[in-house]
Amino acid sequence: MQSTIDQLYFWINKVPEEFRQMSEIEISQRPAPRKWSKKEILGHLCDSAINNLERFIKIQYEKQPLVLTPYDQVHWVKIQGYQESPINEVLNLWVSLNKKIIYVIQNIPNEKLALQCGFENNQLTLHWLIQDYLEHMEHHLKNQILIPKSLK
């Protein structure tokens, strides 16, 4: 888990630095009518953190296997109003949530990483869920928010 924790620390330091270098237009502009802006994508990552933080906690004490409930990402982003929010508010929320996730992960006893959870018949472990959280975050950060300048 230490490498996951190290990666989360890397991102909570890098992402605010990168956003500070972007213009408001670059942060808020939607690439297409039904696509999210970079600010909304970061908001989506806040929603992912909210939902996964709850999962990381509940799996440690709820009846096994923990049944995971999906959430409607589009509605969450719209109802949270990330597009209309100041970028500093969205960044601060994202950083705070990920600091809390790091705290929770650091305090999970090793034997609990094998606890079972999943959606319907798809059984996963807490360890897998934590890794997937990081991979999902990195996908959005690397491919949609922090696109290398040579690819723009």
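Predicted model: local features only at pLDDT ≥ 70, side-chain atom pairs only at ≥ 80, totals over all residues.
The chain is built from six helices and three strands. Read from the N terminus, these elements follow the order α-α-α-β-α-α-β-β-α. Along the principal axes, the C-alpha atoms occupy a box of roughly 45 × 30 × 25 Å.

For α3 and α6, the packing angle is about 175° and the axes lie 11 Å apart. Because angles over 145 degrees count as roughly antiparallel, α3 is roughly antiparallel to α6. On the α3 side, the contact is formed by K38, I41, L42, H44, L45, S48, A49, N52, R55 and F56, and α6 contributes L126, L129, I130, Y133, H136, M137, H140, L141, Q144 and I145. By class, the residues of this contact comprise twelve nonpolar, six polar and two charged.

The largest pocket of the model has a volume of about 310 Å³. Its lining consists of 14 residues, of which P31, W36, K38, I41 and Q144 are the closest to the pocket centre. The elements that supply two or more lining residues are α3 (38–58) and α6 (126–145), and α6 gives the most, with three residues. Four nonpolar, five polar and five charged residues make up the lining of this pocket.

Terms used
Residues numbered from 1 in each chain as written. Heavy atoms only, no water. 1 Å grid on protein atoms, 1.4 Å probe; cavity = no way out; pocket = protein on both sides within 12 Å on 5 of 7 lines; lining within 4 Å. Points joined across faces, edges and corners; volume = space filled by probe spheres on them. Helix = DSSP H or I, 4+ residues; strand = E, 2+ residues; numbered from the N terminus. Nonpolar A, V, L, I, M, F, W, Y, C, P; charged D, E, K, R; others polar. Axes fitted to C-alpha atoms, helices over the stretch in contact; angles between N-to-C directions. Parallel < 35°, antiparallel > 145°, perpendicular 65-115°, else oblique. Contact = heavy atoms within 4.5 Å.
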